[in-house]
Amino acid sequence: MLLTVDLTSELPIYLQVRDRIVEAIADGTLRAGDRLPTTRDLAADLGVNFHTINKAYDVLRREGLLRLTRQVGAVVQRDADSGPPAPGFDEGWDERLRAMVAEAVAQGMTRQEIVGRCQAIAAEFAQARSGQRQKGGTSRG
């Protein structure tokens, strides 16, 4: 798994790692059952402290996207083909989305621009997942 972070970004590194893993799940690069690198291996690859990766993995665990076990390590628990979101997902997601939309409105974006960008990004992930399925030769769902 190729993952990059911007060490100069204002966004904390653990959130960048979390976001890149979520994007990899969304675009089909990572699928349910896939193992992630150990925290120490990923930390060494990125040149960051392994506690930073632990924190990112723990956030993903709490969000229901990863399963963490001592025997196997970090495993993707669900992907875009895993069915409806886990119970309670909607509330937290609505809060984050509300903040993002509020920021866009405060910056002067129109409703049409906001909706258009959301549709374009969702289409990018759908197209990427379609490409991943063609590469892998299998499709779930």
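This short talk covers the nonpolar core and the salt bridges of one predicted model.

Let's start inside. The largest nonpolar core has 19 residues. Which of them touch the most other members? They are Val17, Ile21, Leu36, Ile53 and Tyr57. Helix 1, residues 13-26, supplies at least two of its residues. So do helix 2 (39-46), helix 3 (50-62) and strand 2 (73-76).

Now pick out Tyr57. What does Tyr57 contact, leaving aside its neighbours within four places in sequence? The list includes Ile21 and Leu36, two residues that, like Tyr57, touch the most other core members. Tyr57 is also in contact with Pro37, Thr38, Thr39 and Leu42. Leu66, Leu68 and Ala74 complete the list.

Next, charges. How many salt bridges does the structure hold? Seven. I'll take three of them.

Here is one: Glu63 with Arg18. Their side chains meet at 3.1 Å, N to O. Where do the two residues sit? Glu63 is in the loop between helix 3 and strand 1 (66-69), while Arg18 is in helix 1. They are 45 residues apart in sequence, so this pair ties together separate parts of the chain. Are the partners buried or exposed? Arg18 is buried, because its relative accessible area is 13% and buried means under 20%. Glu63 has 30% relative accessibility, so Glu63 counts as partly exposed. This bridge also belongs to a network. Arg18, Asp19 and Glu63 are linked by salt bridges.

Another pair is Arg31 and Asp79. Their side chains form a salt bridge at 3.6 Å, N to O. This pair links distant parts of the chain too. Arg31 lies in the loop between helix 1 and helix 2. Asp79 lies in the loop between strand 2 and helix 4, residues 89-106. The two are 48 residues apart. Buried or exposed, this time? Both Arg31 and Asp79 are buried.

My last pair is Arg61 and Asp58. Their salt bridge is 2.7 Å, N to O. Look at where they sit: both are in helix 3. They are three residues apart, which is about one turn of the helix. Arg61 has a relative accessible area of 39%, so Arg61 is partly exposed. Asp58, at 26%, is partly exposed as well.

To recap: find Tyr57 in the core of 19 residues. Then trace Glu63 to Arg18, Arg31 to Asp79, and Arg61 to Asp58.

Notes: Residues are numbered from 1 along each chain as its sequence is written. This is a predicted model: local features need pLDDT of at least 70, side-chain atom pairs count only at pLDDT 80 or more; totals for chains, interfaces and linings use all residues. Side-chain values use heavy atoms; hydrogens and water are left out. A nonpolar core is a set of buried Ala, Val, Leu, Ile, Met, Phe, Trp, Tyr and Cys residues joined through side-chain atoms within 4.5 Å. Buried means under 20% relative accessible area, exposed over 50%, partly exposed in between (1.4 Å probe, protein chains only). Helices (H or I, at least four residues) and strands (E, at least two) are DSSP runs, numbered from the N terminus. Contact means heavy atoms within 4.5 Å. A salt bridge is a side-chain nitrogen of Lys or Arg within 4 Å of a carboxyl oxygen of Asp or Glu.
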